[in-house]
Each structure stands twice: as structure tokens, then as C-alpha cells.
Amino acid sequence: MRPDRLGEDFLARHLPVVTPDGPAARRAHRADAWHGTVARRLLGTAADSAEVDPGSRRNAWSVVIETGRRWPHVAGYLTSVIIEQPAVVRHISAASLTVLAGYAPLALLEVLDAQIPSHRSVSLDLPAAVIAARLAKHRMTTVANRQDEGALQLDLSVRLANAGLFADAVTAAELAVTAYEALDESEPFAFYPALAAAWNQLGIVLGHVGRTGEAMAATRRASGIQDALATVDSRFSAGHGVILNNLAVDYNAHGRHADAHTAATEAVGLIRARIEAGDGNPHLRDQLAMALNNQGLSRLALGDVAASVEALQTAVEITAALAGEDPERFEPDHARHLADLSRGLERDGRHAAALDHSAAAATILRRLVGHNPRLFADQLLNTLTKQAELAARTGATETTLALLQELTTLRRSLADRTDTAGDIVDEHRVTGLLHMTLGQWTQAVDAFHRAVQEANRLSDGNAERFRPTLAEVLVDLNIALWRARRGPEAIEVGTAALDLYRTLRAEHPGVFDARLATVLMNLATDLDSAGRPAESASLAEEAIAILRGLGNSVLAETSETLALALTNAALGRFNAGESEAALPLAEEAIAILTRLDTGVTVPSLALLTASSCHAIVLATLPRAGEAADAARATMAVVRRLDLDYVAGDERKVTTALQWCLMAFAVADDTTGGLAAADEMVRVALRFAGRSTSLAELLPLALLHRAKLLDSCERADEAREADQQAIEAFEACRVNAGAESGDVSITAPAWRTSRRMQAELFNDRGHAACRDERPEALDLLRCADAIHQELDDPSGHAMALENLYLALRASRQYEAAFETLPRIVVRHLDAEQYDQVLQYVVEVIQAHNALEEVQSPWIVRDAHRDADLRRLISEHGESAVTTTGVLLVSPEQDILEVLGHVPHASRARFAEAMARSAGIDLSARRTGAGPEAEA
């Protein structure tokens, strides 16, 4: 076990004491020179040390250094060994070197400082910072002038920053600035290079401690000084590029992405020119990569995705080469650039490549965390979160859950991180986001509920800090609830999030505007889906007003939010029957999203929604030709989508395709409609396995396809599509309830889709019945089932009538007879009393007619010969002749059906029908009816 205090004490008692004049003396209990020789051999300072393996040697150093903390003579022994052979420092681990630097005498510190690289070396940055801090404290007592003081503090700030000790680095940088400003005051311009470096360093470290406004001011001061130098001497131009690079970081942090792009682009030009002039300094190449990375990030924010990815890719290529040459120095920057490139690739829709780059960044960061958890832990946590999200979107559930476990373990193991207050919220939130990506809505809701509870608790103790966190997790919970089909709860939570963002906006003007607009738009979408279009339109228009008010600060992300709000407002107008008012809103949304789509490999779902909205609005004006063109544009967007990465948003794709079908139908464009139906089948098949509600879309798509194929006189293919629709519908019924969260039957969008499906089943069944196809009954039974589910009396009555007629046509008279009471009941439910009375009269007349002729054989007039042959074959000619037959026309369906059921059943049914209408059945016997024929 470490530390082994007994073992350390044993070692200390056997090592010799080193006297001031050098030779070993036996002053410690049992100490002798031989023990010192053995120790030197283990430590790698003896001639035969090569026999000791490196791992054992490193462990030996760790034990002796730890022992030296408590035994002064052991510390003296170490000092003599290292001063005698400074190269042995390479055998000491960074952790042990940090311990040694904490108690080493000044003479040894000077030796250690000389052995550590002057530039970043990630495994040595912590001990380098400790050494620099102790030496600076000593040297500050002996510095001869302000110039030496400035140089000492500037070097110390850099060392501390490399180790992640940013608060101390700020103090040192401020002292450096003070020293050089004093020198500049006494000798203007003489110390400009050092003064620019000091201000630049101060800007860097201020940014790391969250003082972003001061950071920008410091960096701008540095840029002004360096620009003045470059004006006089072009050799300072590359240095100006380095400072501009840092200024681009500050601009991006403040959301000033256009300014960041300008600064980064100038930095790229200045640094690249110096490199092309022959300067091979690796630091310059690293700065070029950083400038390209900043340029790429600003382009990404501005919506120029293709150019962004190009710049980010070039930055990664440069740092990959540098990290190959010197990983200790350049791997941290390479990991950061890989993670940023992953963001760009994800935005470009190239999710597999984004996942690869995120995983590569995580691999490097795991190593870096081993050297310096304080500096790299948060970066690793963020990268693992993004990697898990991307893995989830590929359907790699096991990988996702493994990454989630790694995140939890890592977060709990980093006890020395400076800020852990929000870790529990982050943990639950990440868990929820990953469950959402996997389509596990109930688990996501549970995780977000826990996140909200913890954020509420933190907010009660520190409202200023944690209310924004609470607002954000409320938004997450709202989305998860909606996708779990818990609409009323989702709206309640979304309203709470909106109220909180309104408060935050009032308290912090300008800070939460864009986020408030997003929340308004989300809630507007929820309200529209819940059948509250007026409220939805009001919120969407408020979001539009806020986003328009942002003016030139509206960049790619907020521009997309504006386009979504415009689309939502257009849909609100459309649902209210105001298509003329909806059209300009939809057109503006399309214009914004088309601009953002320039150069993008995979389009956004926002573009898909806006494009399909445009198509359906045009279809209702009607502007049929333009509607068909808009539908074709929507189809082009669908084909560019990477369907593996739309988890949770599949309905947006299928809804867009339904609207395309409607637009093509208005334009009488069968070819376009069939293409949309085929695409809808493809999409529905892709998603059918994900959830019951999505599987329901497959029969709808197949029915559309069947109808369009029939119109193209492709009867065999249409019949095949009908059969596939029946099978898909039955599969949905078998799997009903498997999805977490029931679909709300009050949701207008869901009811509209199901009603459309029922109507198509009804139409296809009626057509099949007309053509005497056997699938007619199955098609109509599907329509019957959906209407029962919708509890739609009038629609259900019509579906039952068609089913009844199909049963009669297929001579399934008992089943047809059983359907008749259901038809009457549904007409009553729908308050369609005229239809009820018509059925009552027809039943009574048919029953009386059958009573008059004493239950004859029923023969269909349209199938007279076939029916007579069948009757004679089954019962014999004598029986048929004796009983007599009753000819019924195609319109006499009730007479035909009642004539094939047992007398007792028929009589009970007729009596029940008569009582329901208050009719005396015996008084209605008229003898009137169809002609009797012997």
C-alpha cells in the first residue's frame, strides 16, 4: 500500500547522511555506505543501473522522494544525487517530481528547472509550475530592476497557466503588466514587445477564469501594441497574428462571431506568411492551426458550414503532424481541434465522421487527464458526452451506455475539481439526453425529473447561478414529456420554463433573448399539436419579434430558430384557414434556411418542415403548379437526409411526405404523388421497428401507394400494396402498447393521421368489394378498428356499412346480420336519426315480406342462374320447387341478409328495431315486398 510509512522509515534509517562537504557519514541508526550504493543503483545513478528495469527505477524514485518529505537527510541525499547527475530527472514521474519540487532546496530547484523544457510538456507542466513558483518567490527578493521582474512574472504566469492554475496565473500576469507598463512610462516604446506579450498573457488567463470582458480589453491592448510594432518592423507581424488569434477567441466567447472571423482570418494570413517565408518554428505552426480553428468556429456560428469544416480539418491536419513529432507539447491542442471538427462534421450531417473524431479526441484526453485532471477533466467530460450522443444516434446502445457509465465514474472520481456543485444535475441531464437519443422516452423523463429536482434545490441556495440551469433542464423535460406522448404535462412544464426565461430576460437584458425565443417556439409547437392554434400563433409571433429585434447579432443558430418560428406561425395561420397570410411567413422561412443550407452535406430538419409547410400552404390557395414544385423540393430534402440520425424526429419526415402527397394530389400529379408514396414507404419501413406510433405510418404509406397505383392502372401492384397494408396494420395491433408512453387520442395531428388511414382503408375496401376481391373484408375490418379507436360515430357508421355490404357480397350472411345492429347504434350515437329510421323501416318491411311468403329460398337477381344451380345442388330440385324462391335486387340488401338467418333471430331483431322506433310490428304487416316466384 502507498504510502508505506514503515518502509520509508526503514529506508531512511539505512541511508547515509550527506555532510556539507560531501562524503557519507554513519550518523543514522544502522546506516552505512553500502545502502547508499544500492540506492544509487536502483535510482539509475550507478554504473550498473542499466540492469534495473525502468518501472522499478521509477518506483524507487517515488519511494525515496516521498521519504525525503519527512527525513531531512534523505532529502539531502536526493539533492546530492540529482545535482551530481541532473539527467536522472528523466527517471522521475511527474507526480513525484511535483512532490520533490515542494521541498527541494533552491540549489536543487535550479537544477530541476534547467532539466524541464521551456515550452509546454503536458506530463511535466505541474512540477514545472511548482518549481517556477518557488523560484520566482526567491528571485523576486533579489531582482535588480523592473525588467527582470516583468520577465520573471510573465514566465511564471505561462508556467502556471500550462498547469491549469489560472487564478495564480492571473496574479503573475498582472504583476508582469504592471512592471512593463512602468518601464514603458519611463522609456516609451523600448519595451513594447514584452509589454504586448504581458497583456496578451493576461488576456488569455482572464478568459480562463471567466472574466471575459477584461480578457477582451487586455487582448485588444496587446493587439494595438503589436500592431504598432508590426507597422515599424514586419518581423513583428507574425506575433500580431498570434495576438489576433487570441482576440478571435474572446470575440467568439462574446458571440461576436463576425468580428472573430475577421480577426482569425487576418491571423491566418499573417502567421502563414511568416511560415512560408521560412520560419519553421513549431509554435508558429501550432498558432496557425489555432487561427484556422477559430476561423472555422466563427464560420460555423455564421452558418458557412462547408468553409467551417474545411478550416477545422486543416487545423486538425497541422496539429496531427505536430503531435506526432512532440505529443507532450501538442496533443492538448490536437484533442481540442478534433473535438471542434467533430462539431462541424455533425452540423454538416456527417455523423459517422463526427463520431470518429470525437472518439479520437476522447482517447487523447483520457491520457491527458492522467497527467493533469484539473486542467483536462471538464474537456474530457464534454467530449465523452458528445461521443455518447453521437453513438446513440447510430443506434449503438451498448456503446452509449458504456460511455454513460464512464462519464458517471469519471465525474465521481474527480474529487479535486474546483467546481462540482452542478455535477448531479449534469449527470441526470446527460442521462436524459442519451435516453432521448435512443428513443427511450420514459427513462428520459425520469432522468430529467431528477435533474429538475436537483436544479431546484441548487437554485434555492444560489438563484443567480442556478436558475438558468433550472430553466434549461425544464426545457429538456418539456421535450421529453412531449415525445413520451404526455402532452398536457409537457405544456405545463414548457410554460414553467417560459415563465422562468421571461424573468431571467427581465433581470439580464439582452442575455437570454435568443433562448427565450427558442422556448417560445417550442411551446408554440406543443400548443399547435394540442389543437390550440390561436395560442400557438401568438407565441410564435412573439418569438419572431424577439429574433428580429436581435438585428445583426442573429447568426446561424438564431437564424434557424427564427425560421422555425416563422414556419410555426405559418402553420398556425394555415390551421386557422388563413393560407394567404401563411404564405409570406413560409416563404421567409424557406429563404433563411436555404441560405443556411448552402454548402451543407445533409440538410436540417428545419428546412424539411418549412419546405413541406410551403407546399401544403400553396396547395390550399390553390396554386397547384407551385405546390407540386414545392413538394418536389421537399422530396429532394428528404433524399438528402441521413435517416440514421433523425431519432425522435421521424414524424417530421413522415408528416412532410404526407403533405407532399396532398400537394401532388391537388396538382393532379400522379407521378410525383407515387414518388412521394414510395419514399414514405421507404421511410416508414426504416422506422417501423422503433415504436408503435411510427409503425402505424407504414400502412398509411402503403394505402397511399395502392390508391395511386390504381389510378395508373397498375392493378396487380395496387392489390399487392393493399395486402401489405393489411399485414402492416395487423402487426401494429399485435405490438400495440410496446412503446413507452401512450399516444394521446386527443392530439389533433395524431387523430388526423389515423382518420386519413381509416378513410383510405375504407376507400380501398370499397373498391376491392366492387371488384369482388377477397381482401375487401380485411381492408374494411381495418377501417372499422380505427374508427372504433377514434370513437368517431359517423365515420364508424360509414365504415360498418361498407363492411356489411362486403360481407353480404361475399355471402357471409350471419356476419353481415351481426353487423346491422352495430350500424344502427353508431348512427344513433352520431344523432343521425333519419338513417336510423330508414334502417328500421327496411328491416320491418323485409321481415314482413319474408313472413308473408313463409321463408323462401333467396336468389339474387343479378346471380339468378348461379344461385339456382347452387340451391338445387345443395337441397335438390324438389325442395327448391316446393319451398319457392324470392328474387332480390342488388338494392334489397337487408331483405337478402335477413332471408339467410334463422327465423327466430330475424324475428327478435325485427321486434327490437320496431320497439326502438315505437312501431307496432303486427300493424305493419303489409304483404308488400318483392315479387314471389315459384
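Predicted model: local features only at pLDDT ≥ 70, side-chain atom pairs only at ≥ 80, totals over all residues.
**Group meeting: a walk through one chain**

By buried I mean under 20% relative accessible area, with exposed being over 50% and partly exposed in between, using a 1.4 Å probe and protein chains only.

Residues are numbered from 1 along each chain as its sequence is written, and side-chain values use heavy atoms, with hydrogens and water left out.

Back to tyrosine 501, and its ring. How many aromatic pairs does a search of the whole structure find? Four. Tyrosine 501 and phenylalanine 512 make up a tilted one, with 6.1 Å centre to centre and 55° between the planes. The cut-offs: rings of Phe, Tyr and Trp (its six-membered ring) pair if their centres lie within 6.5 Å, and planes under 30 degrees apart are stacked, over 60 edge-to-face, and the rest tilted. Tyrosine 501 sits in helix H23 (residues 487-507), and phenylalanine 512 is 11 residues away, in the loop between H23 and helix H24 (513-529). Helices here are DSSP runs (H or I, at least four residues), as are strands (E, at least two), numbered from the N terminus. Phenylalanine 512 is buried too, because its relative accessibility is 14%.

Now compare phenylalanine 817 and phenylalanine 909: their ring centres are 5.3 Å apart and the planes sit at 80°, so that pair is edge-to-face.

Let's zoom out. The chain has 43 helices and five strands, and 51% of its 934 residues are buried. It exposes about 40,600 Å², with carbon and sulfur atoms supplying 52% of that; the area is Shrake-Rupley with a 1.4 Å probe, and for residues only the protein chains shown count as cover. Take contacts, meaning heavy atoms within 4.5 Å. Among those between residues at least 6 apart in sequence, 65% join residues at least 24 apart.

On to the cores. In soluble globular proteins, nonpolar side chains tend to be buried together. A nonpolar core here is a set of buried Ala, Val, Leu, Ile, Met, Phe, Trp, Tyr and Cys residues joined through side-chain atoms within 4.5 Å. The largest has 157 residues, and our tyrosine 501 is one of those with the most contacts inside it, along with Leu608, Val653, Phe761 and Leu898. Helix H28 (residues 605-619) gives the most to this core, 11 residues. Apart from it lies another core of 69 residues, including Leu160 and Leu390.

Leu160 takes us to helix H8 (residues 146-162), where it is among the buried residues, together with Leu152, Leu156 and Arg159. Cover for the buried residues of H8 includes helix H9 (166-186), helix H10 (192-208) and H18. H8 has 17 residues and spans 24 Å from first C-alpha to last, close to the 24 Å expected, where the expectation is 1.5 Å times one less than the number of residues.

H18 (residues 373-393) also holds glutamine 387, which is buried because its relative accessible area is 10%. Beyond four places in sequence, glutamine 387 touches Leu355, Ser358, Ala359, Ala362, Arg366 and Leu403.

Last stop, the strands. Which way do E3 (residues 857-860) and E4 run together, parallel or antiparallel? They pair in the parallel sense, over four bridges; strands pair if DSSP finds at least two bridges between them. Isoleucine 858 has leucine 886 as its bridge partner in E4. Along E4 (residues 885-888), Val885 and Leu887 point one way, Leu886 and Val888 the other, and all are buried.
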